[in-house]
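Please keep the sequence and the 3D view at hand while reading.

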Amino acid sequence: MAEKLKLELVSPERQLLSIEVDEVVAPGVEGDFGVLPGHTPFLTALRVGELVYKQNGVEDYVAIDRGFFEVVDDRVTVLAESAELGREIDLEEAIRRKLEAEKALEAARHEDEMKFRKVEAELRRELLRVSVAERYRK
Amino acid sequence: MAGMRDIKRKIKSVKNTQKITKAMKMVSAAKMRKAQDAMAAARPYAYNIRNVVNNIGARVSEEVHPFLQKKEEVNNIGLVVITSDRGLCGGFNANIIKKVLAFVRENPSKKIKFYFVGRKGYDFFRKREYEILKKYITFGGKVRYDDAIEIGKAVGDDFVNGVVDEVYTIYNEFKSVAYQVPKVEKLLPLSLEETESENTIDYLYEPSPESLIKEILPRYLNFSIFSAILESIAGEHGARMAAMDNATRNAGELIKKLEITYNKARQAAITKEILDIVNGAEALK
């Protein structure tokens, strides 16, 4: 299979990836989906979730916090609100932040709903960071 | 002529000031480099989000999202004024304030409401009769994208709720290290570029383009604000670097002048002493 996808992952703060990959699996708002070379032009929104890309048989993971996903002519552009490469996440730190978020959620349970939802989203992001980081812990 | 001791003290004080300005220049240079890196890092995102917005924008009508709708009557203008938190950066903030005042003069029939990013602009306008909606002065020097989201949300909500009918931003555009230009940019309503028909790609949208544009337009607004703040910060450090470079040079000149005066005073004192001795010896004869 000679054809490759050009994957570009950018967040407002930096460009995280600009590489050639064989396959991308991304967390769309309407469900996860996979993209292979030769995909039809496609544009969708992403939810908080894990993006996986395969390069020469090796899988790598990225934690994505919402964003947009575009495929045109075998070019994949991911516009993430914020993103972190799995191998850059510190697992201990991620777990600590997750625990903090859990505590905050418990505290917010008794307050108004807006706050609760905000903290809940926060926790979801932290959970994701932990699960992505754990992939690299063999 | 001032006493030698006084001149010497003065030289010492100017030298101390020069040390400080030199250090500030160095610090600004380092910070500017960082700010420039942040600007460069944001560039790929800017390019891509603009593409996507224009692409979807080409296939939806203006009614889909309030950010796209022009108000029939514009009475209230929101103005996001981006300045620095700190001074000592030459005309950096003064230029912005001048531009704002000119903007106010140009729109006499409209009510202008302000959002301030950076302390210097806020300090200037709060003492005067202006309506201030929000101020953001906490992130001195370091912006995170979250800060831009907060501003974008406030501005967007006000626009949708009719508090303001149009939103502009005034900030220093980073042209080069020593050159910043105050720039007025329209934030809302968003105007999309007309894409030519051959460029529009037939995308498969998921969900529909209408709901996608609802998601992406607020982000586009946030990002526009974010990149304006990034430019402003890089400009601030550039301006401070130039100002401090000037100050260091001026201090150097001042020291040179003072040293000449000091040497003259010293010589005069010596001459006077010799004269005294000669005269005294003369009188003894």
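## Salt bridges

Over all chains, the structure holds 35 salt bridges. The model is a predicted one, and every distance below is computed from its atoms. Side chains of opposite charge can pair when their charged atoms come close.

One such pair lies within chain A. E126(A) and R97(A) meet through their side chains in a salt bridge, with 3.1 Å from N to O. Because E126(A) lies in helix α2 (residues 113–134) of chain A and R97(A) in helix α1 (residues 91–108) of chain A, the pair ties together parts that are 29 residues apart in sequence.

R144(B) and D146(B) form a salt bridge in which the closest N and O atoms are 3.6 Å apart. R144(B) has a relative accessible area of 48% and is therefore partly exposed; D146(B), with 44%, is partly exposed as well. E173(B) forms a salt bridge with K175(B), and here the closest N and O atoms are 3.8 Å apart. E173(B) is buried, since its relative accessible area is 18% and the limit for buried is under 20%.

Some salt bridges share partners. In this way E84(A), E93(A), R97(A), E126(A) and R129(A) are joined into one network. The pair of E126(A) and R97(A) described above is a salt bridge between two of the residues named there.

| Residue | Partner | Distance (N to O) |
|---|---|---|
| E126(A) | R97(A) | 3.1 Å |
| R219(B) | E81(A) | 3.3 Å |
| R144(B) | D146(B) | 3.6 Å |
| E173(B) | K175(B) | 3.8 Å |

## A buried threonine in chain B

T83(B) lies in the loop between β1 (76–82) and α2 (92–106) of chain B. With a relative accessible area of 6%, T83(B) is buried. Its side chain reaches the backbone nitrogen of G121(B) at 3.0 Å and the backbone oxygen of G118(B) at 3.5 Å. Leaving aside residues up to four places away in sequence, T83(B) touches N93(B), I96(B), V117(B), G118(B), R119(B), K120(B), G121(B) and S232(B). Both glycines reached by the side chain are among these contacts.

G31(A) is found in strand β4 (residues 31–35) of chain A. Its relative accessibility is 25%, so G31(A) counts as partly exposed. The C-alpha atoms of G31(A) and R47(A) are separated by 8.9 Å, and the two residues are 16 apart along the chain.

Strand β5(A) is mostly covered, with five of its five residues buried. Within chain A, five bridges join β5(A) to β7(A), and these strands run antiparallel; L43(A) stands opposite E70(A) in β7(A). In β6(B), L204(B) is the bridge partner of F42(A), and E206(B) stands opposite T44(A).

## The contact between the chains

How many residues does each chain give to the contact? Chain A supplies 25 residues and chain B supplies 25 residues. The size of an interface is often given as the accessible area lost when the parts come together. Between chain A and chain B the buried area is about 2200 Å², and carbon and sulfur atoms give 65% of it. P12(A), L43(A) and F68(A) supply 30% of the area that chain A buries against chain B, more than any other three residues.

Polar links are also present. Four residue pairs are in polar contact between the chains, counting pairs with both residues at pLDDT 80 or more. The count of salt bridges between chain A and chain B is one: R219(B) pairs with E81(A), the closest N and O atoms being 3.3 Å apart.

On the side of chain A that touches chain B, the elements giving two or more residues are β1 (5–11), β2 (14–21), β5 (42–46), β7 (58–72) and β8 (75–85) of chain A. The largest share, six residues, comes from β7(A). By class, this side of chain A has twelve nonpolar, six polar and seven charged residues.

Notes:
Residues numbered from 1 in each chain as written. Chains lettered and ligands numbered in written order. Predicted model: local features only at pLDDT ≥ 70, side-chain atom pairs only at ≥ 80, totals over all residues. Heavy atoms only, no water. Contact = heavy atoms within 4.5 Å. Buried area = accessible area lost by both parts, 1.4 Å probe. Salt bridge = Lys/Arg side-chain N within 4 Å of Asp/Glu carboxyl O. Polar contact = N/O pair within 3.5 Å; in protein donor to acceptor, adjacent residues only side chain to side chain. Helix = DSSP H or I, 4+ residues; strand = E, 2+ residues; numbered from the N terminus. Nonpolar A, V, L, I, M, F, W, Y, C, P; charged D, E, K, R; others polar. Pairing = 2+ DSSP bridges. Buried < 20%, exposed > 50% of the residue type's maximum accessible area, 1.4 Å probe, protein only.
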